[in-house]
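Hello,

Here is the structure I promised to pass on to you. Have a look at it first, and then read my notes below.

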Amino acid sequence: MKVLVTGAAGSIGQVVTVGLADRGHTVVGLDLVPQPDGGDGPWYTVDATDADAVAAVFEEETLDAVVHLAGHPDEGSLPDSLTSHVVTTAALLDAMVEHDVRRIVYASSNHAVGRTPRSDLVGVDVRPRPDTFYGVAKVAAEAVLSLYADRHDVDAVACRIGSFLDRPETVRHLSTWLSHDDCVRMVDAALTATAPGFAVLYGISANTRAWWDLEAGRALGYEPQDDAEAFADAIVPRPEDDAEGAHVGGPFATGGFERPALDRSS
Ligand code: 15L
């Protein structure tokens, strides 16, 4: 497949770009910043919030699918978060509809349900329960994907990613870790699953202590191979581990992020 990867210069983007190419896909990169050294293939230095600039990429390239990873990966103001996650998603979906591109894989986040108290395994059918404005924006971006799936028959897979890291670093990560290799497996499965319509999956490895149910991902062909437990002996417990284990969003749900939604200072 010829796949446009947004946020291709980011930490997930660089891994996914190489991984998809290794799996035989043709990758077109898009990011706010120029292509990192050593990268090859077509590249567009474009702000994904700019609908005209995004549409111009679709004029230039005949695409089969989009992997949308662009967006600020941390908490921000509500307007900034909506711009970063919802406006970018909408710009891509409009261009996809215009150019008959029917598949999008979206980097959503566990923070869409981060305020869910930690108890049983969390499935994809729990109510949206964001822990931050970042999480609110991920919920809203998922809703836009759902709308375009219903209105325009776009296949849209929202991957609620846990903690994408080289290796787990905290006790929470033993439950939330997504390895680099499993991330590529997840994106490839979401790209190639037969007619998923609108679907949500949890983007974590096959962690022994998983907090999220992998069933929805497995139904789409995502078979994670790594397990954070292999690193458990190297994790040094910290005083904040208990608080981070109260809700699935961990540090985003523990407080410290409370602030008004809108900045009235100017
Ligand atoms: C995310 O979605 C964030 O982008 C990242 O910064 C981490 O907070 C990660 O989730 C996580 O929950 O570990």
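Where does the ligand sit? The ligand sits in the largest pocket. On a 1 Å grid over the protein atoms alone, a pocket is an open set of points with protein on both sides within 12 Å along at least five of seven lines; a molecule sits in one if more than half of its atoms lie within 2 Å of its grid points.

Please keep in mind that this is a predicted model, where local features need pLDDT of at least 70 and side-chain atom pairs count only at pLDDT 80 or more, while totals for chains, interfaces and linings use all residues. Residues are numbered from 1 along each chain as its sequence is written, and side-chain values use heavy atoms, with hydrogens and water left out.

Around the ligand (a heavy atom within 4 Å) you will find residues including Pro73, Asp74, Tyr134 and Phe252. By class, this shell has three nonpolar, five polar and two charged residues.

Polar contacts here are pairs of N or O atoms within 3.5 Å. In the side chain of Ser109, an N or O atom is 2.7 Å from a ligand oxygen. For His111 the distance from a polar side-chain atom to a ligand oxygen is 2.8 Å, and for the side chain of Arg172 it is 2.9 Å. The protein buries 77% of the 310 Å² that the ligand exposes when taken alone (Shrake-Rupley method, 1.4 Å probe).

Finally, the disulfide count (cysteine sulfur atoms within 2.5 Å) comes to zero.

Happy exploring!

Methods: A polar contact is a pair of N or O atoms within 3.5 Å; within protein, one must be able to donate a hydrogen and the other to accept it, and residues adjacent in sequence count only if both atoms are side-chain atoms. On a 1 Å grid over the protein atoms alone, a cavity is a set of points where a 1.4 Å probe fits but cannot get out, and a pocket is an open set with protein on both sides within 12 Å along at least five of seven lines; lining residues have an atom within 4 Å of a point. Ala, Val, Leu, Ile, Met, Phe, Trp, Tyr, Cys and Pro count as nonpolar, Asp, Glu, Lys and Arg as charged, and the others, Gly among them, as polar.
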